[in-house]
Amino acid sequence: MAHHADAKRALDERGYKGQLIRGDNPLKLFEKPVRDRIVESYYWKEQCFGLNAATILDRAIELNCIGGTYGVAQRPTPFLCLAFKLLQIVPDKEIILFYLEQEEYKYLRALAAFYIRLAWEKDNEVYTTLEPYLTDSRKLKRRTREGWALTYVDDFIDDLLLKSRVCATTLPKINPRLFLEDEDKLEPRVSALGEELEELDREDDEDGHSVESVLKPAEMNGHANGNGAVEEMSDEDMGEG
Amino acid sequence: MADRNGAYDTPGGGGGGGDTAFRRTWDRSEYAAKASARDQKIKDEGKLRYEASLAGKKYHARASTPPEGTHDTEARKQRLNVADLVGKQTIVVTGAGQGKRGKGAGFYCECCDLTYKDNLQFVEHLNSKAHLVAAGESGEVRRATLKDVHERFEYLKRKREEERSKEVVDLGARIEVAMEVEEREREEKRRKRNEKRRKTKDGLGVVEVKIENDGIIC
């Protein structure tokens, strides 16, 4: 069992015979201009040639930012090139879960989360796999079109679940969480804040003014809970990174 | 008596030296052998076609099998060394390269005897099918199993930790470590230089011209 060192065969429109994701060539999840930029970039040619699921770790642990394309010439970030490589390789599910579950390298975790959102077809699996990582509040460096931005792992995963365009790709549509809960495919979301969230709600209703909360840093996130109310915790504590 | 060499030839002759030394020469015997091998192949194929038509069947040419003894392609272990000759001046032998062929100024690929002026073209060549065949690689990568991934992860983690532990914070110790590393590098350079001197005649090395920042693309 072997896959090709380069993506040329896979990108060829004429006869793709490998694994299909959502009924089509996995590489087609990226748009044509982005695909072209990636394949013409020096990083792809030099460092992404001949990688397999094990050697890609060498490159992934050297990552120091996430992002799509940047600059006037729309250069792809190494993060994007490695995501493209993962789509070409289509590793096994257990390997991707390993990438996601390991704790040491946060950019590898971000890469795995990105891949999961793009490639996995069952919506409820995507939600159940990615939601536990909404407690991870480590800082990530994001390369934007013309500069840098600060974001967090949980913020990034939140974007993956809610936004439609992340890192120069249009994410494939998934059903919103409420829809899946109504269909009984998913349990209503249990926030990591748990009881403290309920207490806050109660106190809010009673006192009528915002409450100062003593929250453990590890449980901070600004995610919308199942009732649709966004809890703005980010004022006091910007997440220990 | 007029020299039999002709108006353009120097006494030394075109092959051995003189004005036309830069022109490419062909090894006639090699090409004669190639031609006869090709003729033989056509004859054999013709024979097979004839036999097939006698039997009433059509002859199908078998696709050539990939050459034996190719090993799997693997990712590059180190970055490509493109910048170490930047800013250095070297002298090139004139007849050494024709276009891409031969060793001229630029990035040289030994397996294929090609020179590229540009690191982007060079790396494209290194990824190309022609080069992989010349280097004996199959162009296919072995698929990794979960066990491979675990092992690689542990290995990388360990390597990082070792490097981190080697970093010494104390200034005195750092100076010593730096001196040791420098000493080692100097020894290496000295050794290499001596080897090169010994290899080439008259103790002078073969040098090439390299202009600063020639074709480095990142």
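# Close-up views of a two-chain predicted model

**View 1. A negative surface patch on chain B.** B:Glu161, B:Glu162, B:Glu163 and B:Glu167 together form a negative surface patch. The structure is a predicted model.

**View 2. A positive surface patch on chain B.** The residues B:Lys88, B:Lys189, B:Arg190, B:Arg193 and B:Arg197 make up a positive surface patch. One of them, B:Arg193, is placed in helix α5 of chain B, residues 171-199.

**View 3. The fold of chain B.** Chain B contains five helices and five strands. Read from the N terminus, the order of its elements is α-β-β-β-β-α-α-β-α-α. Chain B has 218 residues, of which 18% count as buried.

**View 4. A salt bridge between the two chains.** A:Asp58 and B:Arg152 form a salt bridge in which the closest N and O atoms are 2.5 Å apart. The pair joins two chains, because A:Asp58 lies in helix α4 of chain A (residues 56-60) and B:Arg152 in helix α4 of chain B. A:Asp58 counts as buried because its relative accessibility is 16%, whereas B:Arg152, at 23% relative accessibility, counts as partly exposed. Over all chains, the structure holds 24 salt bridges.

View 5. A:Glu125 forms a salt bridge with A:Lys93, and the closest N and O atoms of the pair are 3.4 Å apart. A:Glu125 counts as partly exposed, at 26% relative accessibility. A:Lys93 also counts as partly exposed, with a relative accessibility of 45%.

**View 6. A salt bridge within chain B.** The partners in this view are B:Arg142 and B:Asp148, which form a salt bridge with their closest N and O atoms 3.4 Å apart. B:Arg142 has a relative accessible area of 44% and is therefore partly exposed. B:Asp148, by contrast, counts as buried, at 17% relative accessibility.

**View 7. A salt-bridge network in chain A.** Four charged residues, A:Glu103, A:Arg109, A:Asp136 and A:Arg138, are linked in a network of salt bridges.

**View 8. Cysteines of chain B without a disulfide.** A search of the whole structure, over all chains, finds zero disulfides. B:Cys111 is accordingly in no disulfide, and the nearest cysteine sulfur, that of B:Cys109, is 4.7 Å away. For B:Cys112, the closest cysteine sulfur is likewise in B:Cys109, at 3.7 Å, which is too far for a bond, because a disulfide requires the two sulfur atoms to be within 2.5 Å. B:Cys111 is partly exposed, at 48% relative accessibility. B:Cys112 is also partly exposed, with a relative accessible area of 21%.

**View 9. A positive phi at A:Val90.** Although A:Val90 is not a glycine, its phi is positive, at about 50 degrees. Most residues other than glycine have a negative phi. A:Val90 occupies the loop between α5 (78-89) and α6 of chain A. With a relative accessible area of 7%, A:Val90 is buried, since the buried class covers values under 20%.

**View 10. A positive phi at B:Asp113.** B:Asp113, a residue other than glycine, has a positive phi near 60 degrees. B:Asp113 is situated in the loop between β3 (107-109) and β4 (114-116) of chain B. At 35% relative accessibility, B:Asp113 counts as partly exposed.

**View 11. An exposed valine in a loop of chain A.** A:Val190 is located in the loop of chain A between α10 (177-182) and α11 (195-207). Its relative accessibility is 71%, so A:Val190 counts as exposed. The C-alpha atoms of A:Val190 and A:Glu131 are separated by 9.8 Å, and these two residues are 59 residues apart along the chain.

Technical notes. Residues numbered from 1 in each chain as written. Chains lettered and ligands numbered in written order. Predicted model: local features only at pLDDT ≥ 70, side-chain atom pairs only at ≥ 80, totals over all residues. Heavy atoms only, no water. Patch = residues over 30% accessible without salt bridge, like charges linked within 9 Å, V, L, I, M, F, W, Y side chains within 5 Å. Areas by Shrake-Rupley, 256 points an atom, 1.4 Å probe, with all protein chains shown as cover. Salt bridge = Lys/Arg side-chain N within 4 Å of Asp/Glu carboxyl O. Lys, Arg positive; Asp, Glu negative; His and termini not counted. Charge placed at Lys NZ, Arg CZ, Asp CG, Glu CD. Helix = DSSP H or I, 4+ residues; strand = E, 2+ residues; numbered from the N terminus. Buried < 20%, exposed > 50% of the residue type's maximum accessible area, 1.4 Å probe, protein only.
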